[in-house]
Amino acid sequence: MSILKLVNCSKSYIKQNKVIKVFSNLNYSFDCGKFYAIMGDSGSGKSTLINSIVGFVSLDTGSIVVDNILLNNDKSAAKIRMEKVGLVYQNFLLHDNMTALENVMLPTYLNKSFTINSAKKQAIYLLDSIGLKERKNHFPKEMSGGEQQRVAIARALVNNPKIIIADEPTGNLDKKNEQFIFKLLKKLSKDGKCVIVVSHNNAIKKYCDVLIELRDGKIYEYK
Amino acid sequence: MSISKYLKLLSKQIINKNNIVLIILYIALSSIIIFCISYFNGVNSLWDKWLNNSYDFDLAYVLSDNNTITQKELLKKLQNNPNVLDSFLYDEFLGSAIIDDFKSSIMSGEIKMIGTINGNKKILYGRDFKEDGSMEMICPSNFFPDPVYVNQRYNFNNTVGLKNYIDKPLNIKYLGEYEIPMKIVGIFDATYDLSDPNICYVSHLTLKNLNNKYQANLDYERMPIYIQLDNNTNINSIKNIEGVLDVVLVKQIKEDTINDVIRICGIAVILATIMVFFLSYFIYKRKLINQYKYIGLMKIVGYDNYIIKSLFYTETLLISIISIVLGYLINIIVSSKFLELFLYSDPQLALMNISISKTTVAIAFIFVLIIFSLAVKIVLKNISKMEIKDIIYD
Ligand SMILES: Nc1ncnc2c1ncn2[C@@H]1O[C@H](COP(=O)(O)OP(=O)(O)OP(=O)(O)O)[C@@H](O)[C@H]1O
Ligand SMILES: [Mg+2]
């Protein structure tokens, strides 16, 4: 079932009077329950593409529809980030003044279906499921990179979004943590989520259902 | 978002080392602004009151040319002048006494007695004096029986319990020598009165009797005539009377000092305002840069600019309120000392009791708040312009 649609998407940057074409007329449809790996050379536009899905980059032309919501302004982008898409980045982006638990709870404040108590329960449940229950009162500084990234994934999951997007989630991690993260993401896709992961790492090919390559501003699909 | 969730977020935002420096700076600045605005407001609104209530500011003596006009003729002319409320000779005007009952380590017991007509003063306790020559006087509510009352020696709270002396016999010596049966019959309101607090008022007739008895050797005929004007600005209409050489006010107002203080306060308000504005601007700008990552991660999990901005605004609001309240409290403690410093040169002005009114605090509060939020508003414009990609891939 299609959950995320890209229709005729084009993006180029203008820098010092030079036009850098990142991609043009991309059409693609992502489904629930699948693990997508996006690969491609450095500078091929992977980050630009996934950031445009959540409204951090505005497209020149084309439209993006996420679970029947058309991305057309800041408000709809915020709504998509809050309800539909959990985001994970290479540098974890956790709040240093908040404990692991508080970090995971942060997105729930926006969610009317959570009270502070039910959010806490959900956050503890998620931390437990990724093996960090004992660390819930630790601050990011007191955790390893792998643990921080797991907290970030728990945070991405807490509002129960249908889509998880990760940009180089294992970029700062060692092999062991990398494997753990990929397995976790794989499991999420098995549970019915649409998981989209940008990576340079060939190990991802083992886990993904669909391999997408961005080359010369076009999408090539493998598998 | 529910209030409890919002407060939880806000507490994370506010409890932060950087904010302590900010709060201390704001406290200092807002207390300067509150002090200066209250001084402005206080002096401006009360100045007329002070002048109207201070009897001796409207007193003057008239110097005349004895060759062209006799004292009697001049007195008649002055009595007919509409700006002159009362006119009298020196023997009806001034005397002095020492009250032994009030002598202490800080008070000499010395008072001035000024002759006047009754009904001039608002009586708080007792009654006004009679004009039939009986030995009665009224004394000020800020009574302090000593001619030197500057600063450390004058203390508003150091009363002699004047109420207990109403209608009681006093050990009082006229000119410090002659025992007289004078009584205090009333206390008048001297709240807005810059006259010396050791001045008591008696009737002209009483004073005339005393002076003729104890100072008969003085040549009153050759002394100037005293007048009480309706307003000291009308002094020129007296100067124009034929035979008058000059009219001199008994007490000059030290407006220079007042104006200096107002000027200093004005400059301080302006400087403090500019400082508040730029400090808020730079501190918040720095804060924003420090918090780029946090703003970014809030955006990532779905917070929109509106909520992020409102968090910053509420934070500013709370910090401002804390600073203004603390600034106000500090002000209460410090301002009287501060005023004393300014007014040290002039004992008369030390009598001014400048209190901080509710309106003043409200004005200062709103003023400070507007400046704080203006600076923050300018800074927060950057949030919408922020390139989220710069944060994500630092
Ligand atoms: N804000 C910008 N202004 C100008 N050019 C940009 C901007 N952001 C990205 N680009 C350019 O767009 C192209 C695609 O960048 P993008 O970050 O999407 O690549 P990427 O595939 O994620 O690369 P990497 O694997 O190194 O992360 C690059 O050539 C980059 O220089
Ligand atoms: Mg990238």
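Modeller: Let's start with buried area: the accessible area, taken with a 1.4 Å probe, that two parts lose on being put together, summed over both. This is a predicted model, where local features need pLDDT of at least 70, side-chain atom pairs count only at pLDDT 80 or more, and totals for chains, interfaces and linings use all residues. Residues are numbered from 1 along each chain as its sequence is written, chains are lettered from A in the order in which they are written, and side-chain values use heavy atoms, leaving out hydrogens and water.

Biologist: How much area is buried between chain A and chain B?

Modeller: About 2600 Å², with carbon and sulfur atoms giving 61% of that. On the chain A side, A:Leu93, A:Tyr109 and A:Leu110 lose the most area to chain B, together 24% of what that side buries.

Biologist: What makes residues of the two chains count as in contact?

Modeller: Heavy atoms within 4.5 Å. By that rule, 32 residues of chain A are in contact with 24 residues of chain B.

Biologist: Why is the pair A:Lys75 and B:Asp304 called a salt bridge?

Modeller: The term asks for a side-chain nitrogen of Lys or Arg within 4 Å of a carboxyl oxygen of Asp or Glu. Here the closest N and O atoms are 3.6 Å apart, so the pair qualifies. The count between the two chains is 2 salt bridges.
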